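Reader: Could you take me through how a core and a sheet are read from a model of this kind?
Author: Let us begin with the model itself.

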Amino acid sequence: MASAARALGWGEGLAQWRRVALLGLPSLRSQQPAPTIPFYSTYLSRKLRKQQQHQAVVVEKDRDRDRDREPKRSIKGLRVGLIGAPNAGKSALTNVLLGRKVTAVSGKVNTTTSQTFGVVTSRRVAGHLQVNESEQERSEEKSNECSPEVTTRLMIFDTPGVVDHKHYRNMRQRERVSDAYATAALCDALVFVVDAERQLRKPDPRVERLVVEYRREVEGFGSGDAGGQAAAMPKSVLAMNKVDLVRGSRRGDLLDLARRLNDLGSFDQIFMVSSLKGTGTEDLLAYLRSVSVPHRTEEAVGHGGGAGGTGWLSQCEDEESSHDHSSYAVELVKEQVYRRLNGEIPYVLKIKPVSTKFLRDGSLRIEQDLLVNHMKKKKIVVGRKGQAIGQIGCRARAELEKQLGLKVHLILNVKVRKQD
Ligand SMILES: Nc1nc2c(ncn2[C@@H]2O[C@H](COP(=O)(O)OP(=O)(O)OP(=O)(O)O)[C@@H](O)[C@H]2O)c(=O)[nH]1
Ligand SMILES: [Mg+2]
């Protein structure tokens, strides 16, 4: 019995049987009803426990299966700084890489006077790349549930044009150059942009000197101390821009130019691109994604140009660019001012946002003052019968509506600023 009880695992029941046997009252066996209740309850609790164990295993297995089914998510990021001589096409390249306009582009030098950034997010699911997809597309994409998912965020900085230190024309230029390098120092990768067509047509020794100076700066970022650890050097890429303008036999010369610049700048990669046509820019983007750094929530040190860690990734999750509606409108009006007006006017004209508000019908009303320092300049900005300012306003509004997908009322007031 005992062995049967043991075999059945009825521990408590066995103890009771033992007690009965020791008392030498086998008769009681017949008289006393078998202690079914404790036996049964023990049996039940055993069974229940087994069931619960079984259920726990099932739940755990389900959880494992769900976990397997859930897409494996990982997030990577890279801060990328575009740097180069004025008019090389940094702003045009920034916009192309981002897939939208965030910074003004014009044929005049020094259009960009301060850094601007935009964020481009891509998700790779089962080898399929989605760039800046909408929430709807995100939820529609359920069929790829089991696929590993990698989100890559590139924060792309446009910077003012740089010149080598022998060619500072004034204090403002010196400040712009130091601002550009200060932004570069925060980046994990730098793209040095060269106007390749101009360099082939009319080689400019200043560009070569600039590459040498740039290299020195980059090495300086690498030797910096980031929280007690040596900072890693940022990736350094050469983008030979405007190759759409290089035709015929001159194309072969591009390789010689690339070799020459690489000897001076020791770049990690070289890309031939056209920001105008978009050629080569996808390859550049793919490279930048491939060197992106996996996200760590804690602020780590030791990579990038000195401000290591990827804590910034969480911050830029909701921030698509450095602009709100008001500063974005200023950037687009500035672009048209640079395109439409000549001489010193674009450089002395200041754009001051006055108000930005949504109207009841969902449209956006933006008012700005365009300030110049002389009545004569005001007349030029306004133009004959208001033609100049009319054109600036029309084009800026059309671009704003296109970029924001909203109806925009843009009011521009040209004023003579009071002398300080
Ligand atoms: N043909 C051609 N023109 C380009 C290309 N990229 C830029 N441009 C033109 O080059 C001029 C300068 O471009 P930007 O992007 O404003 O140059 P930038 O380097 O930002 O200039 P700064 O802000 O002054 O330093 C503009 O007229 C652009 O349209 C290109 O790939 N091909
Ligand atoms: Mg620019």
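Author: A nonpolar core is a set of buried Ala, Val, Leu, Ile, Met, Phe, Trp, Tyr and Cys residues joined through C-beta atoms within 7 Å, where buried stands for 20 or more other C-beta atoms within 10 Å of a residue's own, with C-beta atoms placed from the backbone. This is a predicted model, in which local features need pLDDT of at least 70 and side-chain atom pairs count only at pLDDT 80 or more, while totals for chains, interfaces and linings use all residues. Residues are numbered from 1 along each chain as its sequence is written, and chains are lettered from A and ligands numbered from 1 in the order in which they are written.

Reader: How many residues has the largest nonpolar core, and which have the most contacts inside it?
Author: The largest nonpolar core holds 79 residues, and among those with the most contacts inside it are Val80, Phe192 and Ala239. Its largest share, seven residues, comes from helix α13 (residues 325-340), a helix being a DSSP run of H or I with at least four residues, a strand a run of E with at least two, both numbered from the N terminus. Because domain 2 (73-315) and domain 3 (325-416) both give residues to this core, it lies between them; the domain bounds come from an automatic or database assignment.

Reader: What is the strand order of the open sheet of three strands?
Author: Strands of a sheet pair through backbone hydrogen bonds, either parallel or antiparallel. Here the order is β11-β12-β13, with mixed pairing, two strands being paired if DSSP finds at least two bridges between them. β11 (350-358) and β13 (408-416) are at the edges, each with a single partner strand, so one side of each has no neighbour in the sheet. Strand β12 (residues 364-372) pairs with β13 in the parallel sense over nine bridges, and glutamate 367 stands opposite isoleucine 411 in β13.

Technical notes. Buried ≥ 20, exposed ≤ 12 C-beta atoms within 10 Å, placed from the backbone.
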